[in-house]
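Hello,

Here is the structure for you to look over. My notes follow below it.

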Amino acid sequence: MDLMVKQAGFGDLLDKVRGGERLSAEDGLRLYRSPDLLVVGYLANLVRERLNGNKAYFIYNQHLNYSNICTNLCKFCAFGKEKGSEQAYEMDLAMVRAKVRERLAEPISEIHVVGGIHPDLPYSYYLDMLRAIKEERPGVHIQAFTCVEIAHLAELSGQGLEATLKELMAAGLGSIPGGGAEVFSPRIRALTCEKKLSGEGWLQVAKTAHRLGLRSNATMLYGHIETLEERIEHLSALREAQDETGGFLTFIPLAFHPKNTGLSDLAKTSGIDDLKNIAVARCFLDNFPHIKAYWVMIGPKLAQVALAFGADDVDGTVKEELITQMAGGESEQAMAREQLLRMIRQAGREPVERDTLYNVIKAY
Ligand code: V47
């Protein structure tokens, strides 16, 4: 394989990857542009196995999307709806409690909570929601509110970012999911999500959270109108932020789903691009401990293959995730623990059930 990598013109990157040397933006672009998927995957697998050995992580989690009402209405999103629209919904706290209670018999270790930027839910709703979830399920880790929602909550509270984060933590916030990052490029944001928090704003929230001891994830929404250069700029900004704080746990490339969005004329992502985004991210983000192949968006079969292309995590049991479903996602809505175990074992990896912070719950 080393010979194949050299013949493909990537001998220098093989040396860099083997030597643990950081890739430049130009190196990252070369990987994106290469038609040789196996070479890119091989390099990513070297990094993956150095960092995570043969392990493949999953989590027993629950998704809870408390409301789809949103003032941002991003072009790429089929989930967000205007207040008053027929498809708009919001859960009151009794409904949130019922959603948690309904699955108390299952060994769920994390509840992932995200929603739209709601025009009039008060700040107290968010604090009360965290407290209510903790009351129903005291041991659970709540991974909630994208950096975009957190910035909105800081505005609502009027107390600034730090004080707001501290209050959310006191109410039960355990960590922050990676959504809302999209592509940081101001060009992309102007064309697809002009009302959304800027890329700089997103990074500011993440770094502030890290400094307070919260861990968070990061995503990139790819496969719409972004260029390869813009992808690399996005990854570079994340790598730089991680150098500063070390607070990111996982990077998750999110495959754009066009159905029912304002960009529905675009094609779905290809399997090649899905794997490449995982592999390039694994090579480039040398300071991120984990890369996740989110099976809900790329399908369980490709997520399984991704375990040989840089990914060491497949997310989890999920269930009731509406963001992908509304945009035409075709994956099943939930995977049982047994299915996750089988999928990982068939890939020749060792399944490890983890909690949100990657503490081992059970190694199989
Ligand atoms: O913020 C919106 C993206 C995100 C579409 O942190 C779309 O572990 C594809 O961030 N096609 C939410 N993607 C999902 C997310 C996530 C998922 C799983 C795990 C984690 C984690 C984070 O989905 C949004 C947005 O960036 N999104 N619309 C769409 N049509």
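A definition to start: a residue is buried under 20% relative accessible area, exposed over 50% and partly exposed in between, with a 1.4 Å probe and protein chains only. Serine 198, at 38% relative accessibility, is therefore partly exposed. Serine 198 sits in the loop between α9 (186–192) and α10. From C-alpha to C-alpha, serine 198 and alanine 303 are 30 Å apart in space, and 105 residues apart in sequence.

Some ground rules. The model is predicted, so local features need pLDDT of at least 70 and side-chain atom pairs count only at pLDDT 80 or more, while totals for chains, interfaces and linings use all residues. Residues are numbered from 1 along each chain as its sequence is written, and side-chain values use heavy atoms, with hydrogens and water left out.

**Overall**

The chain has 16 helices and 11 strands. These are DSSP runs numbered from the N terminus: helices are H or I with at least four residues, strands are E with at least two. The radius of gyration is 20 Å, close to the 21 Å that the globule rule gives for 364 residues, so the chain is as compact as a globular protein of that length. That radius is taken over C-alpha atoms, and the rule is 2.2 Å times the number of residues to the power 0.38. Along the principal axes, the C-alpha atoms fill a box of roughly 60 × 45 × 40 Å. Of the 364 residues, 58% are buried. Contact means heavy atoms within 4.5 Å. Among contacts with a separation of 6 or more, 75% join residues 24 or more positions apart.

**Core**

Nonpolar side chains tend to be buried together in soluble globular proteins. Here the largest nonpolar core has 107 residues. Such a core is a set of buried Ala, Val, Leu, Ile, Met, Phe, Trp, Tyr and Cys residues joined through side-chain atoms within 4.5 Å. Those with the most contacts inside it are Val113, Phe145, Trp202, Leu238 and Phe251. Leu238 touches, among others, Trp202, Phe251, Phe184 and Phe288, leaving aside residues up to four places away in sequence.

**Helix α7**

Helix α7 (residues 147–157) has 9 of its 11 residues buried, so it is largely enclosed by the rest of the structure. The cover over those buried residues includes α6, β4 (141–144), α8, β5 (173–176) and α10 (199–211). After α7 comes glycine 158, with a positive phi near 70°.

The axes of α7 and α10 come within 9 Å and cross at roughly 85°. That makes the two roughly perpendicular. (Angles of 65 to 115 degrees count as such, under 35 as roughly parallel, over 145 as roughly antiparallel and the rest as oblique.) Axes are lines fitted to C-alpha atoms, for helices over the stretch in contact, and angles run from 0 to 180 degrees between N-to-C directions. Cys147, Val148, Ile150 and Ala151 of α7 meet Trp202, Val205 and Ala206 of α10. By class, that contact has 7 nonpolar, no polar and no charged residues.

**Helices α6 and α8**

The axes of α6 (residues 123–136) and α8 (residues 161–171) come within 8 Å and cross at roughly 30°. That makes α6 roughly parallel to α8. Residues of this contact include Leu127 and Arg131 of α6, and Glu167 and Leu168 of α8. They divide into 5 nonpolar, 1 polar and 3 charged. Ala, Val, Leu, Ile, Met, Phe, Trp, Tyr, Cys and Pro count as nonpolar, Asp, Glu, Lys and Arg as charged, and the others, Gly among them, as polar.

Best wishes
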